[in-house]
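Welcome! Here is a short briefing to read alongside the model.

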Amino acid sequence: LWDHLPEDFEESNEHKAFIDTLMSATRTPELAEVVLPSMATHWERLSHCSDSEQVRRLWALATRLGVAASEVVMPEVKTLGTFIGALGMIPSDFVATKEDVDALYAVEPKVAEPQIADPDEVTSNLIQAVVRVVANSGVAKASMTRVCRAAHVTTGSAKPRFASMADLMSRGYEYSVMEVARQNVAQSNEVFGGVSPIQAYARLVISSLHPSRKSWRRYRQEMHLASRVNPAIAAQMSAGIQRVNEVLKESLRASGVDESIINISILVNQAQSIGFSLIDDLGIPVRGINHAVIPSIITVELFATLA
């Protein structure tokens, strides 16, 4: 977890199993009984370190976990090794200024679970139901019967709309991720107001982990887990992510973000959104650490050199 990796470990089957274990631990009692106490022990050790040490390790861990979890649907994230290395530049005794800390928490964007507003009410109900079902029990245990029961519709009404569970789950992912992106774009003026793009990003990290989005985060996690073994889901998720990325690029340009860092900003966000939510789900209070250390060190100029 904390950089003590054997050479080439991240290319091994053991690493793939490690990621699968972490991603399915919270809904699998046999795993949770082992994984959650282990994570608590790690956090107890790290919580006694300086703010900058906590941030350096957790940002690197979140990025590495996010890369491993999303590389099937977004292969470009594998280029973030240089960014992970740059995080090691943060000195363990660095202290963020009061101004940076105040700026970070001056705005807390309002977020919510994605609400699907398809013109067809049955389709909308099915998509919202599949998010809940998959978030609670995982892809393998989800079935059309369970989803229809949760949506209060008949199984016969689902068949004309979705050819298979894979189709329904992927449509649910695309609808949801687009709605989350729409929420983020809608509040971009407030988030970016008066601060640098890196400070604005740190604000988004905190807001995206708000408890109100917990079901969405677990659904996304389960879909990324499924994409590692299901090519059909992986292909549909990849197409959805690319469409969302185009929306995010336009939003960043409209907010005045320098063109040189737009692509890497999106890659970092895609990886860390998975990684941070996974760490948070496993009991490490990511929202509570002092992310203001990052805006003080990782400058736009450094981001541009990594792009």
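This is a predicted model: local features need pLDDT of at least 70, side-chain atom pairs count only at pLDDT 80 or more; totals for chains, interfaces and linings use all residues.

Residues are numbered from 1 along each chain as its sequence is written, and side-chain values use heavy atoms, with hydrogens and water left out. Helices (H or I, at least four residues) and strands (E, at least two) are DSSP runs, numbered from the N terminus.

**Where H1 meets H3**

- Two packed helices are described by the angle between their axes and the distance between the axes.
- Helix H1 (residues 13–24) and helix H3 (residues 51–70) have axes that come within 10 Å and cross at roughly 100°. That angle makes H1 roughly perpendicular to H3.
- Axes here are lines fitted to C-alpha atoms, for helices over the stretch in contact, and angles run from 0 to 180 degrees between N-to-C directions. Angles under 35 degrees count as roughly parallel, over 145 as roughly antiparallel, 65 to 115 as roughly perpendicular and the rest as oblique.
- In contact (heavy atoms within 4.5 Å) are His15, Phe18, Ile19, Leu22 and Met23 of H1 with Leu65, Ala68 and Ala69 of H3. The residues of this contact divide into seven nonpolar, one polar and no charged.
- For those classes, Ala, Val, Leu, Ile, Met, Phe, Trp, Tyr, Cys and Pro count as nonpolar, Asp, Glu, Lys and Arg as charged, and the others, Gly among them, as polar.
- Glu10 sits in the segment before H1 and is partly exposed, at a relative accessible area of 36%. Glu10 and Ala68 are 58 residues apart along the chain, and their C-alpha atoms are separated by 8.2 Å.

**The two sides of H5**

- Which residues of helix H5 (residues 98–105) are buried? They are Asp100, Ala103 and Leu104.
- Seen down the axis of H5, these buried residues fall within an arc of 100°, so they line one face of the helix. The arc is that of the directions from the helix axis to the C-beta atoms.
- Lys98 and Glu99, on the other side of H5, are exposed.
- Helix H11 (197–208) and helix H15 (293–297) are among what covers the buried residues of H5.
- Gly194, in the loop between helix H10 (188–192) and H11, is exposed, with a relative accessible area of 82%. The C-alpha atoms of Gly194 and Ala103 are separated by 8.5 Å, with the two residues 91 apart along the chain.

- Tyr201 belongs to helix H11 and is buried, at 14% relative accessible area. Not counting residues up to four places away in sequence, Tyr201 touches Trp59, Val268, Asn269 and Gln272.
- Tyr201 and Ser170 are 31 residues apart along the chain, and 27 Å separates their C-alpha atoms.
- Arg253 lies in helix H13 (residues 231–254) and counts as partly exposed, at 35% relative accessibility. Leaving aside neighbours within four places in sequence, Arg253 is in contact with Glu259 and Ile262.
- His152 is found in the loop between helix H7 (144–151) and helix H8 (155–158). His152 is exposed, with a relative accessible area of 74%, and its phi is near 60°, a positive value in a residue other than glycine.

**Cysteines**

- How many disulfides does a search of the whole structure find? The search finds zero, where a disulfide is a pair of cysteine sulfur atoms within 2.5 Å.
- Cys49 is partly exposed, with a relative accessible area of 30%, whereas Cys148 is buried, at 1%.

Terms used:
Buried means under 20% relative accessible area, exposed over 50%, partly exposed in between (1.4 Å probe, protein chains only).
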